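Here is a short tour of one structure, with the cut-offs spelled out along the way. Have your viewer ready.

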Amino acid sequence: MNNLSLYIHIPFCVRKCHYCDFLSAPCNEETRREYVETLCTEIAQKAKRFQDRKVDTIFFGGGTPSLLSAEMFGKIMTVLRQEFQIFPEAEISVEVNPGTVDREKLEAYQKLGVNRLSIGLQSADNEELKILGRIHTWETFKKTWNLVRELGFSNVNIDLMSALPGQTLASYERTLRKVLGLKPEHISAYSLIIEEGTKFYEWFGEEEDVAQVTEEVQDSNLVDTVAAYKTKKLPDEIADRQMYEMTRDILEQYGYHRYEISNYALKGYECKHNVGYWKRKEYLGLGLGAASLVANVRSSNVSELATYLEVGQKVKKIAEECASEKDILDLKSKLTMEQREVDWIETQDSLSVNDQMEEFMFLGLRMMEGVSIAEFEKQFGKPLQEIYGKQISKLEKQGLLQFKEETGRYALTLQGIDVSNQVFVEFID
């Protein structure tokens, strides 16, 4: 039986960043405690279906998981270890925002087995951070970074963003070189995407109203004056492309190898959890809105916090009633595996073989190693060329795809990486 990955969603933050469309929001301490209680109920319940599986990666994402107190985080980890078989050497990652952790929390993480941190810096320029709506400065980040290193964390990712409002090639290069001077083991570097439902979409979307934007920016203290804001325009496509290429070139100079379109690592420090996503490894998502891939079924949990908490109360009540009766048969009849899990789920799709093959291609090609023709045939019982020969031939002629004889894999070329979405579309029916 294959190993299992766990994703734990913590949907809370100090305040919503202006570019963020993730499922997260500010909340009070009481709500966090109630959420942790519900999350632990879900963990204990769903783990029953995976007693024959061993967990090799756990990822706490958000939101800002580091907002949880050491006590709350410890409760979640305790339940995870009680309910799942977790490898002693499992990769356990926690997303951290600068300024939201102290020595107590970090020491608690270490005691609980956390061995990888992912710090959301985004930029080393304080004005750019202000525009993004981040709660920290470069100086705040440095304090967090120094504490992380002082305590001995030796597998740390730093998140960066490019093509930000007001960002120039020079300011982005300064960010890259400041970060590289710290020698993190891993860097995730993404270009800003303006998503609907965010402040940035209101301010920089197609129907941008400069007067309205200026007023909103002043009210939210993003910049000191209207005049200062008016200089904060999004970089054009050429500048965006130059930043993208700069990332690749400078990181390679410093010894980081690109193993996925937006991810770079020193040798041996690739994120095992994320590699699992791209290779379609099975994972169980726990928490509000968390997604799962199990037995070729993609599902996601309910996305409304009130509904999620109600489900937790319902499941807990039924379990307590059955336990009080001390009747295992009654427990099974009242609360079958399917009944226990169905209330948590908001969406669920069984993937056809065609869906699975498409995912194999467009997810696998995100990685620089590409997709294996042997693995494709092993999984689907048909040669890769029989299914996608036409698309592969077309992309090879366009110089976007190449076959690597030494590994038996098809991978994107440098040109293909630049237009990766165009390549992926070829494999979607």
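## Ground rules

A polar contact here is a pair of N or O atoms within 3.5 Å; within protein, one must be able to donate a hydrogen and the other to accept it, and residues adjacent in sequence count only if both atoms are side-chain atoms. This is a predicted model, where local features need pLDDT of at least 70 and side-chain atom pairs count only at pLDDT 80 or more, while totals for chains, interfaces and linings use all residues. Residues are numbered from 1 along each chain as its sequence is written, and side-chain values use heavy atoms, with hydrogens and water left out.

## Around His186

The side chain of His186 makes polar contacts with the side chains of Tyr259 (2.6 Å) and Asn157 (2.7 Å). His186 is buried, at 1% relative accessibility (buried is under 20% relative accessible area, exposed over 50%, partly exposed in between; 1.4 Å probe, protein chains only).

## Salt bridges

The whole structure holds 20 salt bridges, each a side-chain nitrogen of Lys or Arg within 4 Å of a carboxyl oxygen of Asp or Glu. In one of them, Arg366 meets Glu260 at 2.6 Å, N to O. Glu260 is buried at 1% relative accessibility, whereas Arg366 is partly exposed at 22%.

Another salt bridge joins the side chains of Glu37 and Lys75 at 2.2 Å, N to O. Both partners are partly exposed: Glu37 at 35% relative accessibility and Lys75 at 33%. Elsewhere, Asp343 and Lys314 pair at 2.7 Å, N to O, with Asp343 partly exposed at 26% and Lys314 partly exposed at 44%.
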